[in-house]
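Please look over the sequence and the fold together before reading on. The paragraphs below lead from the whole chain to a few of its residues.

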Amino acid sequence: MPKKKTGARKKAESRKEREKQTRANRDHIDVAKHPCNSAMECDKCERRQKNRAFCYFCSSVQKLPMCAQCGKTKCMKSSDCVIRHPGIHSTGMGMVGAVCDFCEAWVCHGRKCLSTHACSCPLQEADCIECDRCVWDHGGRIFRCSFCHNFLCEDDQFEHQASCQILEAETYKCVSCNRLGQHSCLRCKACYCDDHVRSKVFKQDKGKNPPCPKCGHETQETKDLSMSTRSVKFGRQSGADEESYGYGASGYASYWKNVASSGADQDEDNAEDDEDEEDEDEEDDDNEEEEEGDEEEEAANSMACLNL
């Protein structure tokens, strides 16, 4: 029989499990709930924005700044403070210790926050995948796509996630062979079969989906996703002639055919314009000839009168 676990043994195992879970969660930080990415309303212009040291719109300093690491707005009597304030609860600028270069938010004067936030800031490489703007270039919050886990700004988050599950191919077949792709990478927008999803570069963790052999991002099964293929609006899938009931030219052939037909229509229009101009010129010439004939008749009549 196995030996009965003592209380100290149980505590040590639970501590190891908590540490293991903490190390695993470091790579998957919920950016939307982190204090450096919390919502803030400016005291002066009353505009809603991300937690910042200075207002993005009016550049004013807030009355109660929030720490980007621990999220507190008041520093209590503690021994961890770099600047000691015995018996006093410091708030405002008295609580501030630094400004983070990545998230542009205040960090309190606590020793732990000052020493750890710069290395563990979740917005170190928070450039929007759609517009390539960083935290300093826009005033909104930062989010992650729930499918490809890329950073998104507040303006592009809904549009990107609505079109994220679209493959860069016209079929669900594996990119390396002709078999059906059972694993999909939402970053590369590609499908892989069971054989080609195995990679010698990226290791597969036990109990997790295999990583993408191209980028290393964790793949997901295609059947669990609402994936759709690429639709080409101006390629060879469109442009069929209506007169041929869908069996006519398409793609580049129909494009050049349409260009040729439009060119012929323009030539016909130009020819019609030239004919109209010629008709107008002929009418003008006839009118001039008639006017000259009338002048000659008037002159002959005047001469006849003189002879009499």
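Helices (H or I, at least four residues) and strands (E, at least two) are DSSP runs, numbered from the N terminus. Arginine 133 lies in the loop between helix H2 (111-120) and strand E7 (142-144). The model is predicted: local features need pLDDT of at least 70, side-chain atom pairs count only at pLDDT 80 or more, and totals for chains, interfaces and linings use all residues. Residues are numbered from 1 along each chain as its sequence is written, and side-chain values use heavy atoms, with hydrogens and water left out.

The protein chain contains four helices and eleven strands. Among its 308 residues, 28% count as buried, where buried means under 20% relative accessible area, exposed over 50%, and partly exposed in between (1.4 Å probe, protein chains only).

Arginine 133 is partly exposed, with a relative accessible area of 25%. Its contacts (heavy atoms within 4.5 Å) include His138, Cys153 and Asp155, when residues up to four places away in sequence are not counted. The C-alpha atoms of arginine 133 and cysteine 153 are separated by 7.8 Å, although the two residues are 20 apart along the chain.

The cysteines deserve attention next. A disulfide is a covalent bond between the sulfur atoms of two cysteines; here the term requires a pair of cysteine sulfur atoms within 2.5 Å. The structure holds zero disulfides. Cysteine 100 is in no disulfide, as the nearest cysteine sulfur, that of cysteine 103, is 3.5 Å away. Cysteine 55 has its closest cysteine sulfur in cysteine 58, at 3.4 Å, which is too far for a bond. Cysteine 55 is buried, with a relative accessible area of 3%, and cysteine 100 also counts as buried, at 5%.
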